[in-house]
Amino acid sequence: KHELQVSYDDVPLTAQPLLVHAVDGHDETRCKVQGAGLKAGLVGIPCRFRVDTKGAGSGKLNIAIEGPSESTISTADNLDGSCTVEYVVSKAGVYKISVTFAEKHIPGSPFTALIEPLLDPNLVRAWGPGLESKNCRFDLPLQFLVDTTRSGPAQLQVLVDSECGAAPKQPEIVEQAHGVYKVTYYAPEVDSNCKVHILYGGKEISN
């Protein structure tokens, strides 16, 4: 509470000072937010960002996340006018992160985060005639497909060899669609046992 005295030419206009009730204001534009979790993350792995409300006045901070799956959200008060937000989602895709203060979006909100699958070579699948021994012919192009869409982003490698050594030509890998690749290779020497090694993220897949 504050007292307000109204005077004119140094003469009070009221017998008693007026009581004024002051309330805290708020300014959502003073809020700041930063952290990798606002832009990207991995499925099942906690994504984090920090919200700083110092100087923004009084108001309720609210976090809402929308996307392909529900999210588990937790906040930790840093006791310095800021808090750390952590969220976990169960499906890959694009998520919209809304951060509001006193029911108004802070600068930059809503944010867009791309959540990708966790890297798992066992989720990579390969198939096609180039992986069937009956189709293996020396000096003829052999082809098969590799689908990595269920795993996280990583480098795809294909090595072809036999007991006689590596194949004469390096396999050609061409992306046909997002995460789906066509591999073309040539078998090693005649009458040798051709082996195709498919590595994703440096690890051989179990296909």
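## Salt bridges

In this predicted model, Asp27 is partly exposed, with 28% relative accessible area. Its side chain meets that of Arg30 in a salt bridge, with an N to O distance of 3.7 Å. Arg30 is likewise partly exposed, at 49% relative accessibility.

Asp80 and Arg50 form a salt bridge in which the closest N and O atoms lie 3.6 Å apart. Asp80 is partly exposed at 36% relative accessibility, and Arg50 is partly exposed at 27%. A further salt bridge brings together the side chains of Asp52 and Lys54, at 2.8 Å from N to O. Here Asp52 has a relative accessibility of 13% and therefore counts as buried, the cut-off being under 20%. Lys54, at 43%, counts as partly exposed.

## The four-stranded sheet

Four strands make up an open sheet with antiparallel pairing, in the order S17-S16-S20-S21. Strand S17 (165-166) and strand S21 (203-204) each have a single partner strand, so one side of each is left without a neighbour in the sheet.

Within this sheet, strand S16 (residues 156-162) pairs with strand S20 (residues 195-200) in the antiparallel sense over six bridges. Val160 is placed opposite Val196 in S20.

## The S18-S19 hairpin

Strand S18 (residues 172-177) and strand S19 (residues 180-186) are also paired in the antiparallel sense, over five bridges. Ile173 stands opposite Val183 in S19. The two strands form a hairpin with two residues between them. In the turn, Gly179 has a positive phi of about 80°.

## The largest pocket

The largest pocket holds about 220 Å³ of space. Its lining comprises 17 residues, of which Glu116, Thr148, Ser151, Pro153 and His178 are the closest to the pocket centre. By class, eight of the lining residues are nonpolar, seven are polar and two are charged.

Strand S13 (residues 111-116) supplies the largest share of the lining, with three residues. Both domain 1 (29-116) and domain 2 (121-204) contribute residues to the lining, so the pocket lies between them.

Key. Residues numbered from 1 in each chain as written. Predicted model: local features only at pLDDT ≥ 70, side-chain atom pairs only at ≥ 80, totals over all residues. Heavy atoms only, no water. Pairing = 2+ DSSP bridges. 1 Å grid on protein atoms, 1.4 Å probe; cavity = no way out; pocket = protein on both sides within 12 Å on 5 of 7 lines; lining within 4 Å. Points joined across faces, edges and corners; volume = space filled by probe spheres on them. Nonpolar A, V, L, I, M, F, W, Y, C, P; charged D, E, K, R; others polar. Domains from an automatic or database assignment. Salt bridge = Lys/Arg side-chain N within 4 Å of Asp/Glu carboxyl O. Buried < 20%, exposed > 50% of the residue type's maximum accessible area, 1.4 Å probe, protein only.
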